Amino acid sequence: MTESSSPPLADLLHAAVTTVGGTERPGQTAMAQAVAEAIDDSSHLLVQAGTGTGKSLGYLVPALAHGERVVVATATLALQRQLVERDLPRTVEALHPLLRRRPEFAMLKGRSNYLCLHRLHEGVPQEDADEAGLFDPFEAATPTSKLGKDLLRLRDWSDETETGDRDDLSPGVSDRAWSQVSVTSRECLGASKCAYGAECFAEAARERAKLADVVVTNHALLAIDAIEGAPVLPSHEVLIVDEAHELVSRVTGVASGELTPGQVNRAVRRAAKLVNEQAADALQTASEGFERLMELALPGRLEKIPEDLGYVLMALRDAARTVISALGATRDASVKDEDAIRKQALGSVENIHQVAERIVEGSEYDVVWYERHDRFGASLRVAPLSVSGLLREKLFDDRSVVLTSATLKLGGDFNGVAASLGLAPESPQDPEGGEETAPRWQGLDVGSPFDYSKQGILYVAKHLAQPGREGSRADMLDELAELVEAAGGRTLGLFSSMRAAQAAAENLRGRLDAPILLQGEETLGELTRAFAADARTCLFGTLSLWQGVDVPGPSCQLVVMDRVPFPRPDDPLMSARQKAVEEAGGNGFMAVAATHAALLMAQGAGRLVRASDDRGIVAVLDPRVERARYGSFLRKSMPDFWYTTDRNQVRRSLAAIDAAAKAQGA
């Protein structure tokens, strides 16, 4: 059934909203209409929909009404689960009588998210088992150990689960335990070669997706499907990207490569038992040369590949190619479960070959750098300078694409985000009616049902000293302590680094009575629950918290940002992107650093007002937001709160908000 034979969109939206117990809002209605029009004329749409708009129904209702298959890609597991467990079942139920059909929906994830029955029953290939100190994880891991208990529970769960989806297992298990019973796409034998192919959970998920009208997936799988040329998603006519502000980052991750000494050594061990001695020795020798070089590696970008690194990478590439050929030519019937071992070894060596060859070829569109981690040591990384061309070519072809988020307008317009996605600032058509010069798109801001100017205050502490690169900020900590005390706790502290969050927590724990929770001391879920349960409690954390906390009500009435979250000056990829913009004649700082910071600050400020009766203050303890020329760009990117730099006014407001909350018993 097509959209033209469906009931009026307004009737469908009303039915859906009524069923979920919500209220129709002008922004949601405008969004649904715009999505329907974009789908109908095969154009593209960027929609900024603020918190409380009801954007899920704003795109699900017109997509379901149109009748073509739609893929919905999200950045977070929480939204995927919300769509599949709550929004889609209710929406389908509401629309069924009007559409006279019942659309089917399914969730699809990457293969490693599903239990592998081959791994479960046949065990981990010998080399990995040796690494873990296990020969058979179910026999050698004692039932009293945490790993043993997890593995036994996974075996019992395998008889009960219908999906094999890790996220359906509650309580969960450690990454180490899950790695014993799952495989990556490179390691998978394939349904036709696997003894358990007919029962495979990952294959069953794919089959369900092929039959579904709506497929819910994640940004990473969408990127793999678009970029790598090996379709993992079913064909579809409509793509909806929710949490679209995260898309460029996720696509960059998929398009990046990494080599570490540990990774190369594992590949050597896996292949050594399966290929001739000459091929194994060549890879071993190349591995040793790479390891020696990485011991001396200093963090930073490699604008030109050093001669010694080039030789080592060519040796790795050539040795890996020889091993790949040997793995395809030999079979040893005496090796138990030889196909699984061979597939795992092949996947490891192919990855080394692919990354080494990519770096050796030295594309001008790639950035290469050394990275060093205190725990994991040195790594060699490569990532695309930009993914905009990739997205323009792969994402917007042969389908209508809707991208939505609460933060797509930065500095007051969509152009910055559009450019990062490969879209021109405008999308004109040839006046003679010829081919379009770029994918056609329009931007739409449907606003928010919240009255930000009356519900919140944006306070910039312009009297503080400008933050430097290093050292403590005593004046900032004093200001933070006074604000928290005035608010009676109720504070979400968002810091630009984990070191800053830890320093602030330690400082305030020594001078305030309010309990201070710190990211990393417990799981995010537990921290959020504890924060919401006690209004006096504060929660401090870093970037990963900026989008992960949703606590409406009096428990979160003060959101503090310690400084503008610009990328680190020594971040090789961001620095390279900024330089490339400047060399092309643009403003690299505004296009990269300021845009990065604006997006994070918009997300952070969005933690304050989550419901119509929320009240509070967003405090930015960085005077540059007021003093610097780019300050207005940052302020325009955040919700339209009432703005002030008056510290006394803010303290009075916090005290009033605290008193009102206490009077209500919160």
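Okay, let's start with one term: a residue is buried when its relative accessible area is under 20%, exposed when that area is over 50%, and partly exposed in between, using a 1.4 Å probe and protein chains only. By that rule glutamate 303 is exposed, because its relative accessible area is 58%.

Before I go on, this is a predicted model, where local features need pLDDT of at least 70 and side-chain atom pairs count only at pLDDT 80 or more, while totals for chains, interfaces and linings use all residues. Residues are numbered from 1 along each chain as its sequence is written, and side-chain values use heavy atoms, with hydrogens and water left out.

Back to glutamate 303. You'll find it in the loop between strand E7 (300-301) and helix H15 (307-329); helices (H or I, at least four residues) and strands (E, at least two) are DSSP runs, numbered from the N terminus. What does the side chain of glutamate 303 make a polar contact with? With the side chain of lysine 579, at 3.2 Å. A polar contact here is a pair of N or O atoms within 3.5 Å; within protein, one must be able to donate a hydrogen and the other to accept it, and residues adjacent in sequence count only if both atoms are side-chain atoms.

Now for the inside. In soluble globular proteins, nonpolar side chains tend to be buried together. A nonpolar core, for us, is a set of buried Ala, Val, Leu, Ile, Met, Phe, Trp, Tyr and Cys residues joined through side-chain atoms within 4.5 Å. The largest one here has 86 residues, and Leu46, Leu154, Leu403, Leu421, Val618 and Leu634 have the most contacts inside it. Helix H24 (residues 588-605) gives the most to this core, with 6 residues. There's also a second, separate core of 38 residues, including Leu12, Met31, Leu79 and Leu88.

E2 pairs in the parallel sense with strand E4 (residues 214-218) over 5 bridges, where two strands pair if DSSP finds at least two bridges between them. Threonine 74 stands opposite asparagine 218 in E4. E2 also runs parallel to strand E5 (residues 238-241), joined by 4 bridges, and there valine 71 stands opposite leucine 239.

Next, look for an open sheet of 7 strands with parallel pairing, in the order E14-E15-E13-E16-E17-E12-E18. Why is one side of E14 (516-518) and of E18 (642-644) left without a neighbour in the sheet? Each stands at an edge and has a single partner strand, so one side has nothing beside it in the sheet. For E14, 3 bridges join it to strand E15 (residues 538-541), with leucine 517 partnered by leucine 539. Helix H21 (residues 498-509) packs on the sheet, touching E14 and E15; contact means heavy atoms within 4.5 Å.

Last stop, the cysteines. Taking a disulfide as a pair of cysteine sulfur atoms within 2.5 Å, the count comes to 0. The sulfur of cysteine 200 is 6.0 Å from the closest cysteine sulfur, in cysteine 188, so that's too far for a bond. For cysteine 538, the nearest cysteine sulfur is that of cysteine 556, 9.9 Å away. Cysteine 538 counts as buried, because its relative accessibility is 0%.

Technical notes: Axes are lines fitted to C-alpha atoms, for helices over the stretch in contact, and angles run from 0 to 180 degrees between N-to-C directions.
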